[in-house]
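This report concerns the architecture of a two-part model. Please consult the sequence and the coordinates alongside the text.

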Amino acid sequence: MRTNVTTNRTTQFQVLSEDQCEAIYHNVLEVMQRTGVDVHHEEARNLLKEAGSHVDGVRVYIPPYLVKEAISLVPDNFIVHHWDGSGVLRLRKNEVYPGTGPSMPNYIDPYTEERRSFLRKDAADVARVCDALENIHFVEGLGSISDTTTELSDLYEFVELITNTTKPIAAWSFDRENCESIYKVAVAMAGGEEEFQRKPNFMFYMEPIPPLVSNHESVDKALFCAEKHVPAIYTPCCMGGGTEPATFAGLLTNATAECLTGLVIGQLKRRGAPFIMGGVMTVMDMLTTTYIYGGPELSIMCAGITDLGKYLDIPVFSTGGCTDAKITEPQAAIEGAISNYTAVLSGGNIIHDTGYSESGLTGNLFNVVMNDEILGMAFHIAKGIEVNEETMAIDVIDKVGPQGHYLLHEHTNRHFRTETWEPEMLNRLPYEEWKNAGAKTLGEKVKEKTRHLIENHQPPEVPESAQKEIEKILKEAEERVAREKVAK
Amino acid sequence: MILKKLSQAMIEGEVEMGKELAQQGIEEGLSPQELLDDGVLAGMEVVGDRFKNYEMYIPEVLNSASVMHEVMNIIKPALVSSEGDFKMKGTVVLGTVEGDLHDIGKNLVGLMLEGAGFKVVDIGIDQPAKSFVDAVEKEKPEVLGMSALLTTTAPKITEVIESLKEANLRDSVKTMAGGAVIDQAFCDENGVDAYGSSATAAMEITQKFVEEVKNNAS
């Protein structure tokens with residue numbers, strides 16, 4: 001045997017070196033202390049002040065030791081569960097889980113292919129289709145529901161999502177009240193609060209506002225999550241050249257300061273509260289002002305924030321599978337592929353935004369189904385090359401020799417299934433066979449598969465007790481909103 | 001029961017089980033032709049269908065084909081004492097044309113055809129037109145398959161067709177061609193009866209041609 005061997009178990013991909021991460025991190029600490037951040041939440045400011053920050057109005061100057069302490073307290077790994085116990089997401093360094101994205105105003109109708117408002121039934125379709133897709137590991141709704149009580153569309157979305165898939169949901173809400181209602185639904189699905197505390201089945205998403213502002217609602221929700229031990233995704237949407245510096249390193253510095261502000265507040269509220277940093281890191285298109293979702297800047301900077309998260313030992317929320325294309329066309333495939341591939345290689349934990357299209361304005365379920373296949377390829381590459389006596393096949397090579405073939409060799413039979421990735425929709429037929437089979441393009445196959453899953457995939461069975469509890473929660477929420485309207 | 005199990009062994013690529021079952025069948029007095037038709041070929045037909053429906057992969061199909069070889073070696077000697085020779089589905093002569101050393105596509109077609117119950121005579125790579133003609137004269141196949149991978153060797157297929165005509169053998173055999181540079185248009189223009197875009201296509205073409213020949217004869 002050979003000794004002293006080093007092997008790569010998987011591919012290696014890193015954009016920031018240890019030194020570069022350190023340099024950015026030191027500047028993050030300086031920004032938080034010297035420049036300061038705005039925190040529009042009194043309780044949070046009080047917590048920060050009591051812990052040693054200097055507070056001036058809404059501006060808070062956070063000393064490095066508070067940041068370092070928070071980093072030492074936050075779990076570097078934790079588990080999010082399927083509500084029925086059928087699976088888990090392990091949020092720890094380099095475990096990658098791609099999924100969809102949240103709350104767009106428009107939606108591509110999966111049958112008419114028209115761009116229209118997002119409806120309650122669409123959220124159910126999205127969850128059911130995602131439930132069936134192998135490489136989609138968590139679910140966000142792809143749209144903001146337009147046909148329920150407006151103030152409660154976030155809650156209705158969550159109900160439709162969690163009752164139509166067992167995969168963990170990354171939820172959002174307008175405010176803390178709805179966040180609490182969503183939490184109650186999740187508790188009902190878990191079978192009680194104690195069960196939920198042991199096996200959380202959703203994560204909660206909130207956005208600070210670049211540059212360096214933590215708004216009231218986001219902080220309010222972050223405090224609630226910390227209190228209830230709900231994994232909090234604290235994620236700025238950064239626009240280089242607009243709301244952040246135009247340079248990648250400058251953007252990452254500000255973005256990290258925004259994330260770590262949420263981290264410090266959460267850890268001050270409850271030590272060890274599960275927290276995920278990250279976000280959508282991209283630039284403003286200086287011709288159209290569009291927030292670019294499909295550009296290479298997004299991929300390189302999401303890989304950058306992932307490296308920073310790994311450097312700090314904090315789980316990372318990354319971005320991929322999104323596009324600026326308006327419909328399912330080659331641009332959507334190219335942008336989805338590059339961003340998901342890069343995000344998978346770089347090792348972001350929760351990789352969101354598959355199905356995001358038209359620069360974050362339209363949800364497209366076709367693109368989710370297409371990206372599921374793309375992710376299959378990405379994972380196959382990420383697995384790397386196994387090198388050992390068996391895989392190097394030196395004796396097999398010697399036996400077959402020149403002008404032979406390997407088709408009949410048992411070595412081939414032993415390995416071809418795991419070494420070869422088999423697409424479901426990408427086409428490899430010879431021309432004539434492809435033509436005879438209807439000459440279908442990838443787009444056509446994607447649409448067929450999407451519709452097939454909408455019509456045929458069986459959603460999980462929701463326990464009757466949970467169903468009743470959810471009805472009660474929705475009724476109470478409707479009553480609350482009605483009361484608030486009268487009060488106004 | 002033995003025949004059913006034997007065909008299952010073919011489908012699952014179980015060499016040892018296939019051999020045992022064939023031996024057992026002979027001992028229990030089943031005829032070699034019965035073992036071949038209702039055991040071996042019945043199993044291989046399922047394999048062929050599954051492959052066509054993308055349910056089985058090529059190495060698995062070939063694995064089943066090698067079980068077939070092993071089983072045939074057992075039932076052949078039993079034949080000597082009975083009716084003489086197997087009735088295979090038909091005969092196919094295969095070869096790669098002159099100047100071309102590409103092997104794998106032709107081999108694959110051969111293995112698939114054998115698996116489907118045809119007798120395959122592979123004359124090898126880099127074969128001049130005369131070798132094809134000689135093989136057709138000697139083996140009297142229903143189908144002749146020609147392989148070419150290069151633009152420079154494709155015209156050799158035309159030479160084979162012309163040589164068959166000169167030897168008055170052209171009408172005695174159906175022809176098919178395949179390989180990276182070959183397409184339907186090439187076959188149409190050069191008097192080749194069919195274009196095989198893949199090993200599966202070659203198998204289907206062969207089945208169709210052999211049936212036609214049988215129907216014409218009867």
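The sections below treat the basis of the model, then its domains, interfaces, sheets and helix packing.

## Basis of the model

The model is predicted; local features need pLDDT of at least 70, side-chain atom pairs count only at pLDDT 80 or more, and totals for chains, interfaces and linings use all residues. Residues are numbered from 1 along each chain as its sequence is written, while chains are lettered from A and ligands numbered from 1 in the order in which they are written.

## Domains

Domain bounds come from an automatic or database domain assignment. In chain A, domain 1 covers 72–382 and domain 2 covers 389–419, and the C-alpha centres of these two domains of chain A lie 44 Å apart. Chain B is divided into domain 1 (2–80) and domain 2 (91–217), with C-alpha centres 27 Å apart.

Residues count as being in contact if their C-beta atoms, placed from the backbone, lie within 7 Å. Within chain B, 11 residues of domain 1 are in contact with eight residues of domain 2. On the domain 1 side, helix H3 (32–52) and helix H4 (58–80) of chain B each supply at least two residues, and H3(B) gives the largest share, six residues. Helices (H or I, at least four residues) and strands (E, at least two) are DSSP runs, numbered from the N terminus. That side of domain 1 of chain B has eight nonpolar, two polar and one charged residues. In this classification Ala, Val, Leu, Ile, Met, Phe, Trp, Tyr, Cys and Pro count as nonpolar, Asp, Glu, Lys and Arg as charged, and the others, Gly among them, as polar.

## Interface between the chains

Between the chains, 15 residues of chain B are in contact with 11 residues of chain A. H4 and helix H5 (104–115) of chain B each supply at least two residues of the chain B side, and the largest share, six residues, comes from H4(B). The chain B side divides into seven nonpolar, six polar and two charged residues.

## Sheet of chain B

Strands pair if DSSP finds at least two bridges between them. Chain B has an open sheet of five strands in the order S2-S1-S3-S4-S5, with parallel pairing. Its edge strands are S2 (119–122) and S5 (194–195) of chain B, each of which pairs on one side only.

Strand S1 (residues 91–96) of chain B pairs with S2(B) in the parallel sense over four bridges, and B:Val92 stands opposite B:Val120 in S2(B). H5(B) lies across S1, S2, strand S3 (143–147) and strand S4 (174–178) of chain B, running at about 170° to S1(B).

## Strand S14 of chain A

Strand S14 (residues 275–278) of chain A is covered on both faces: A:Phe275 and A:Met277 on one side, and A:Ile276 and A:Gly278 on the other, are all buried (20 or more other C-beta atoms within 10 Å of the residue's own, C-beta atoms being placed from the backbone).

Strand S12 (residues 232–234) of chain A runs parallel to S14(A) and is joined to S14(A) by three bridges, with A:Ala232 opposite A:Phe275. Two bridges join S14(A) to strand S16 (residues 316–319) of chain A, also in parallel, and A:Gly278 stands opposite A:Phe317 in S16(A).

## Helix packing in chain A

Helix H12 (residues 365–382) and helix H17 (residues 442–456) of chain A pack at an angle of about 105°, with their axes 9 Å apart. Axes are lines fitted to C-alpha atoms, for helices over the stretch in contact, and angles run from 0 to 180 degrees between N-to-C directions. H12(A) and H17(A) are therefore roughly perpendicular to each other (65 to 115 degrees).

In this contact, A:Leu365, A:Phe366, A:Val369 and A:Met370 in H12(A) meet A:Val446, A:Lys447, A:Lys449 and A:Thr450 in H17(A). The residues of the contact divide into five nonpolar, one polar and two charged.

Key
Two residues are in contact if their C-beta atoms, placed from the backbone, lie within 7 Å. Angles under 35 degrees count as roughly parallel, over 145 as roughly antiparallel, 65 to 115 as roughly perpendicular and the rest as oblique. A residue is buried if 20 or more other C-beta atoms lie within 10 Å of its own, exposed if 12 or fewer, and partly exposed in between; C-beta atoms are placed from the backbone.
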